[in-house]
Amino acid sequence: MKFKVNNNEVYASTGGRPFDKKKPLIIFVHGSGLTHMTWVLQTRYFAFHGYNALAIDLPGHGLSGGESLKSIEEMADWVAAVIDAVGHKEASLVGHSQGCLVTVECTARYPDKIKTLSLMGGAGAIPMNPQLLSLAENNDPKAVDLMMDWAHGPAGHFGGHPVPGLYHINTGTMLAKSRTIQNTLGVDFRACDNYKNGFEAAKKIKCPTLSILATDDKMCPVKEGKKLAALIDGSQVDIIDNCGHMMLLEEADRVLTVLKKFITTNYPLLSS
Amino acid sequence: MSDKKKELKPNTYKFDTLSLHAGYQPHKNAGSRQVPIYQTTSYLFDDVDHAAALFNLERGGHIYSRISNPTVGVLEERVASLEGGTAALATSSGMSAIFLAVMTLCEAGDHLVVSSQLYGGTVNLFRLTLPKFGIKCTFVKPRDTEGFKKAIQKNTKGIFGELVGNPGNEIMNMPEIAKIAHEAGIPLMVDATYQTPYLCKPFEHGADIVIHSLTKWMAGHGSSMAGILVEGGKFDWMQNDKFPTMTKPYEGYHGLSFAEEFGPTAFTMKARAEGMRDFGPCLSPQNAWNVLQGIETLSVRMKKHCYNAEEMVKYLMNHESVAWVSHPSVPDHPDHELAKKLLPNGRGSMIAFGIKGGKEAGVAFINNVKLASHLANVGDTRTLVIHPASGTHSQMDEATLKFAGLSHDMIRLSVGIEDIEDIKNDFEVGFRAARKPRLVSNQ
């Protein structure tokens with residue numbers, strides 16, 4: 001579906017079901033340089049099971065208009081504005097990688113709006129490798145190639161996509177190259193590198209929180225994810241073996257099972 | 001210690017490694033080092049919810065082997081990885097892959113621009129069979145790059161061609177034709193069977209959909225029929241309103257918009273969800289496994305194929321019984337320079353040559369070679385020969401033969417990986433037999 005935030009058109013996948021204001025809202029926030037399509041194996045399930053699942057394209061990404069937002073704080077405010085724009089008062093947030101920084105900051109800033117928080121491959125800070133940052137800011141496709149290398153675990157490098165016939169690394173590469181690299185990945189990486197408030201924001205979070213981490217995640221290692229989770233009261237942690245940073249695709253079924261249990265328990269359909 | 005910072009390099013697996021490993025994770029298959037053959041029609045659902053989730057594409061997984069199968073899935077991922085594609089869909093043959101690609105793209109009333117130099121069966125599909133479905137085609141000679149542009153109509157939905165035409169070895173200027181297609185907002189589909197991804201990766205030159213008959217060089221062993229279509233993932237289906245079944249909520253699949261939901265894999269998802277469901281040209285798991293065995297040695301075999309082919313080109317060019325030789329490695333081949341650009345790892349192992357003495361000599365040659373096999377296939381590890389005018393293209397009338405660039409003296413040679421001297425010795429026997437009728441008639 002399309003709607004407007006700050007006068008710019010926003011695209012969000014609704015997981016194959018029409019948006020219905022009466023249903024509880026889950027917003028999925030993608031990682032650096034990526035799009036709503038990374039969530040296809042989570043959103044469609046929730047959409048077919050009574051929720052409004054909105055996998056958004058951040059401004060300047062995927063099918064959304066506008067320019068990429070330059071800071072995690074701006075993105076956090078923008079996600080809160082999405083909730084208003086679609087006519088809801090509250091939502092559950094699900095973030096991946098950079099999307100975790102955004103959703104942590106958003107939850108800390110808007111505690112009344114956010115009912116649950118699910119983090120995948122999250123950390124309190126994501127400092128960027130200077131060479132990688134420079135490549136992305138200079139529109140070098142090598143930045144995408146490096147990101148796809150680091151983002152997939154050893155098993156994911158071989159393939160084994162849960163959807164028959166799809167090949168992880170090339171699909172991710174095409175997603176990240178679907179818009180101009182310096183305007184998406186470059187801006188996102190800089191925003192991640194500049195963001196320093198993750199640990200402080202985490203301390204303010206009071207809603208039920210889930211962290212899904214992966215043993216072979218090179219971009220946000222388990223120890224970093226645990227450090228963040230430890231600052232959030234009552235945070236649940238689930239660790240997936242033999243999996244890299246792209247756990248939402250590499251181990252989509254496992255992620256969905258854990259997420260389904262967490263959201264249906266803490267943000268049940270009755271709460272709408 | 002050096003002050004120079006180490007340059008970052010992606011450590012994704014390279015071609016030879018992917019040929020052996022891509023698409024398969026032993027730890028999810030009882031530790032089996034070899035890919036298991038899932039000889040089954042169907043798959044247990046955990047519960048009713050799981051079943052519904054699979055049918056609604058909420059989860060990945062297998063339902064019924066007409067739609068997907070784990071062994072076939074390994075093959076699909078492996079070929080996608082080797083081609084640099086986002087996704088692939090394997091089929092029962094190369095022809096069914098072409099048909100599925102067309103039917104995923106087109107509907108009645110649509111039009112395609114097609115290279116005229118194609119395998120005879122493909123010519124018949126485009127010329128005679130697709131019009132029965134309301135899909136019309138305009139044929140253009142592969143070297144007539146501007147002709148492709150001129151042939152595009154309002155209802156044209158794509159351009160199709162064999163990168164190196166069968167059997168005349170004419171090469172499409174893929175980068176230029178891709179530009180023409182993209183300016184018109186339509187995809188370029190390329191049959192790259194003759195090249196395999198070892199010799200050329202068409203996505204790097206602008207193609208959007210790549211098709212292979214896996215029966216040929218990819219498998220190599222000549223034991224199994226198989227085909228595949230591979231998606232490049234760059235084509236923007238939403239740039240215009242030409243592809244409503246990709247971009248709008250599609251009645252044919254529960255109101256799904258494939259382009260919005262699946263982006264760089266939309267074409268494959270639609271081909272599988274709709275095409276495999278409705279047409280059902282599924283690949284058997286046994287044949288998928290057989291093809292996988294071949295792909296494991298693809299680069300090793302292709303190097304030998306190309307070496308032997310270039311040796312045969314030299315041999316044929318200097319032979320008194322040969323009137324002409326067509327192979328992109330020949331310096332005066334019209335596409336020699338283009339071939340160097342598109343096929344840097346070798347120019348392939350298909351040679352066409354004219355035998356002095358015309359049809360009669362050709363028949364004598366074919367009937368007398370013993371090592372080379374006379375059959376209707378290419379890309380076997382064994383050397384193969386055929387006389388197209390009386391074999392693969394025999395269903396064409398005289399005018400169509402001429403348009404397809406065929407002549408009665410043409411012999412199509414698919415060079416195998418036997419010892420090169422044995423192939424040459426065998427050809428000497430064939431040439432001697434081919435000369436005999438003429439020697440007799442000259443006396």
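**Helices on the sheet of chain B**

Reply: In this predicted model, helix α13 (residues 298-317) of chain B lies across β8, β9 (350-355) and β12 of chain B, and runs at about 10 degrees to β9(B). Helix α15 (residues 358-368) of chain B also packs on the sheet, where it touches β9, β10, β11 and β12 of chain B, with a direction that makes about 125 degrees with that of β9(B).

Me: What makes β8 and β10 of chain B the edge strands?

Reply: The open sheet of five strands has the order β8-β9-β12-β11-β10 (chain B), with mixed pairing, and β8 (322-326) and β10 (373-374) of chain B each pair on one side only.

Me: How do you know that β11(B) and β12(B) pair?

Reply: Pairing requires at least two bridges, and strand β11 (residues 384-386) of chain B and strand β12 (residues 410-414) of chain B have three, in the antiparallel sense; within this pair, V385(B) stands opposite L413(B) in β12(B).

Me: Why are α4(B) and α5(B) called roughly parallel?

Reply: The axes of helix α4 (residues 94-105) of chain B and helix α5 (residues 120-129) of chain B come within 11 Å and cross at roughly 25 degrees. Angles under 35 degrees count as roughly parallel, and α4(B) and α5(B) are therefore roughly parallel to each other. Their crossing is right-handed.

Me: Which residues of α4(B) and α5(B) meet?

Reply: M95(B), I98(B) and F99(B) in α4(B) meet G121(B), T122(B) and L125(B) in α5(B), a contact whose residues divide into four nonpolar, two polar and no charged.

Definitions and conventions: Residues are numbered from 1 along each chain as its sequence is written. Chains are lettered from A and ligands numbered from 1 in the order in which they are written. This is a predicted model: local features need pLDDT of at least 70, side-chain atom pairs count only at pLDDT 80 or more; totals for chains, interfaces and linings use all residues. Axes are lines fitted to C-alpha atoms, for helices over the stretch in contact, and angles run from 0 to 180 degrees between N-to-C directions. Helices (H or I, at least four residues) and strands (E, at least two) are DSSP runs, numbered from the N terminus. Angles under 35 degrees count as roughly parallel, over 145 as roughly antiparallel, 65 to 115 as roughly perpendicular and the rest as oblique. A crossing is left-handed if the near helix is turned anticlockwise from the far one by less than a right angle, and right-handed if clockwise. Two residues are in contact if their C-beta atoms, placed from the backbone, lie within 7 Å. Ala, Val, Leu, Ile, Met, Phe, Trp, Tyr, Cys and Pro count as nonpolar, Asp, Glu, Lys and Arg as charged, and the others, Gly among them, as polar.
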